[in-house]
Amino acid sequence: MDYNEVANKQKKIASVLSVKINEDGSCGEICLEAANDLYLASVNVKREDFVPGKPYYNYVPNDLNFEAMSCRCVKENKIVHSYVDAAFYNAWMEVIMMPLISDEKDKGYYLFSYDMQSKVDTSKLSDISPDIAVQVIRTSIKMRESDDFHAAMDSIIHDLREYCGANRSCILLTDFKKRTASMLCDSVVEDDHIRPDETFLGEGFFDIVEVWDQLIAGSNCYIIHDEKELENLKEVDERWYKSLKHDEIYSLVLFPLRTNGETIGYIMATNFNSEETLNIKSILGVTSFILAAEISNHQLFKRMKILSDTDLLTGLYNRNAMNNRVTDIVSGLNPLIGDYGIVFADLNGLKTVNDTDGHIAGDELLKAAACVLRDAFPEGEIFRVGGDEFLILQTGETEEKFNKLVENLRKNSDGSGAVKLAVGTCFGDKNLDIRKAMHEADERMYADKEAYYEKHPELQYRSNR
């Protein structure tokens, strides 16, 4: 067959590649045999520099996912169609591989064509089979039907594991700046001896994560279909190879979660049904696109929530967070269960420090006061509700234990040097309106504060009331 004629008669970017078929049935070298001018221009190769029969990676970057698709095209005699986020090209790529007649027993040939766009075409991304569409729709619905983000993710990853026929599926979140990885959600088949999260994400794990982009090689996923392909991993990263062997993992699919040019995590499925690879790639490709956006939005919401509820100087909750907490309690949205204690604390002498030593010194005093409060109430909800005023909500303790915590706070304040706190408290059961408890604690705190300044008139206390 004249493969040059096949490539040159295509109106789109096109080339013909060969796949060496080894005696054991595995695939060997993949070579570029023919290419039209559009293809050569797309890979920035001049016609006079093109030499047919050379390995494909002489012209484009090595891509293990591309090699796996090529192998399946010629071995299974199937048309392979895929729409992928090709990170190396910073574009979305629609790929078509069509098997061709071969006159050689030890070689398979296929026509390769692709089209690239800078932005995703959602119509192509959604061009999937009905059963895969059902799974994707189910994922989208679950993200909307529950206000509990983590519960929705647990359900989604369980469905994906079952669809993939995998023994484990999980979503790992990554922070490449901090070099950390964490488990967002995980689904494991029953009675399977799989390492727990804390072991799976143990010391040195992020060193492995940093290799994944190399394995994905600018494509949209990395796949190990069987034990033979697992052996290839040994040359790239022996640590991960040994880890997978130790866990008796012989097949794996790994999809990055990318958004705004950043990888924020990965979907992983191990010991999956490799006979359904193309369907699994299709569903995970679309699902990873959806989940990346959802997870990114959730992370952004969390960051905004933290900023809106956090006092940036001390790291404690702020007045806005206290108001929301009280509102939720009073409305019954998040009621208190059982007894609780309220502590109001005011930092004595802050104005004097600000006036004499400057506001930087005053800020340091406030941060020191926050540390004293945290040490005394490590399980309490601590709010900075004013310039020098703090509130603590303590739940889950008896009145006796609460009073001991307050006593420790007073001792720590008295012995801390610069940090001198006026303290007022109220302990009540769930039937006592928290607003009344806060009022009583506030009154007692101001009485304590007045007593302090009677002993120290030189600090020139000016009441804020």
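This is a predicted model: local features need pLDDT of at least 70, side-chain atom pairs count only at pLDDT 80 or more; totals for chains, interfaces and linings use all residues.
Biologist: Let's start with strand 15. What makes strand 15, residues 421-428, largely enclosed by the rest of the structure?

Modeller: It comes down to burial: 8 of the 8 residues of strand 15 are buried, so the strand is largely enclosed. Leu-421, Val-423, Thr-425 and Phe-427 point one way, while Ala-422, Gly-424, Cys-426 and Gly-428 point the other way, and all are buried. In a regular strand, side chains alternate between the two faces of the sheet.

Biologist: Why is Ala-422 called buried?

Modeller: Buried means under 20% relative accessible area. Ala-422 has 0% relative accessibility, so Ala-422 counts as buried. This residue is found in strand 15. Beyond its neighbours within four places in sequence, Ala-422 is in contact with Phe-344, Ala-345, Asp-346, Asn-348, Met-445, Asp-448 and Lys-449. The C-alpha atoms of Ala-422 and Asp-448 are separated by 5.4 Å, although the two are 26 residues apart along the chain.

Biologist: How do you know that strand 12 and strand 15 pair?

Modeller: Two strands pair if DSSP finds at least two bridges between them. Strand 12 (residues 340-347) is joined to strand 15 by 8 bridges, so the two count as paired, and they run antiparallel. As one example, Ala-345 has Val-423 in strand 15 as its bridge partner.

Biologist: And Asn-348, why is Asn-348 called buried when it lies in a loop?

Modeller: The relative accessible area of Asn-348 is 4%, and the cut-off is under 20%, so Asn-348 is buried. The loop in question is between strand 12 and helix 13 (350-357). Leaving aside neighbours within four places in sequence, Asn-348 is in contact with Lys-420, Leu-421, Ala-422, Lys-449, Tyr-452 and Tyr-453.

Biologist: What makes the meeting of the side chains of Asn-348 and Lys-449 a polar contact?

Modeller: A polar contact needs a pair of N or O atoms within 3.5 Å, one able to donate a hydrogen and the other to accept it. The side chains of Asn-348 and Lys-449 make such a contact at 2.9 Å.

Biologist: How do you know that the buried residues of helix 16 line one face of the helix?

Modeller: The buried residues of helix 16 (residues 434-455) are Ile-434, Ala-437, Met-438, Ala-441, Asp-442, Met-445, Tyr-446, Lys-449, Tyr-452 and Tyr-453. Seen down the helix axis, these residues fall within an arc of 165°, so they line one face. Their cover includes helix 12 (319-331), strand 12, strand 14 (389-395) and strand 15.

Biologist: What is the span of helix 16, and what is expected?

Modeller: Helix 16 has 22 residues and reaches 32 Å from its first C-alpha to its last, close to the 32 Å expected at 1.5 Å a residue. At the start of helix 16, a side-chain oxygen of Asp-433 reaches to within 2.8 Å of the backbone nitrogen of Arg-435.

Biologist: Now helix 6. What caps its N-terminal end?

Modeller: That is Asp-148, with a side-chain oxygen 3.2 Å from the backbone nitrogen of His-150. Helix 6 has 16 residues and reaches 22 Å, close to the 22 Å expected. Just after helix 6, Gly-165 takes a positive phi of about 65°.

Biologist: Which residues touch the most other members of the largest nonpolar core?

Modeller: Of its 30 residues, those are Met-153, Ile-171, Leu-284, Leu-291 and Ile-295. Helix 11 (277-309) is among the elements that give two or more residues to this core, as are helix 5 (130-145) and helix 6 (149-164). Helix 11 gives the most, with 8 residues. Another core, of 27 residues, lies apart from it, with Val-19, Ala-35, Met-93 and Tyr-114 among its members.

Biologist: One more. Which strands are the edge strands of the open sheet of 6 strands?

Modeller: The order of that sheet is 3-2-1-6-5-4, with antiparallel pairing. Its edge strands are strand 3 (54-55) and strand 4 (80-86), as each pairs on one side only. Strand 4 and strand 5 (residues 91-100) pair over 7 bridges, against a cut-off of at least two, so they count as paired. Within that pairing, Val-80 has Met-97 in strand 5 as its bridge partner.

How values were computed:
Residues are numbered from 1 along each chain as its sequence is written. Side-chain values use heavy atoms; hydrogens and water are left out. Buried means under 20% relative accessible area, exposed over 50%, partly exposed in between (1.4 Å probe, protein chains only). Helices (H or I, at least four residues) and strands (E, at least two) are DSSP runs, numbered from the N terminus. A nonpolar core is a set of buried Ala, Val, Leu, Ile, Met, Phe, Trp, Tyr and Cys residues joined through side-chain atoms within 4.5 Å. The expected span of a helix is 1.5 Å times one less than its number of residues. The arc is that of the directions from the helix axis to the C-beta atoms. Contact means heavy atoms within 4.5 Å.
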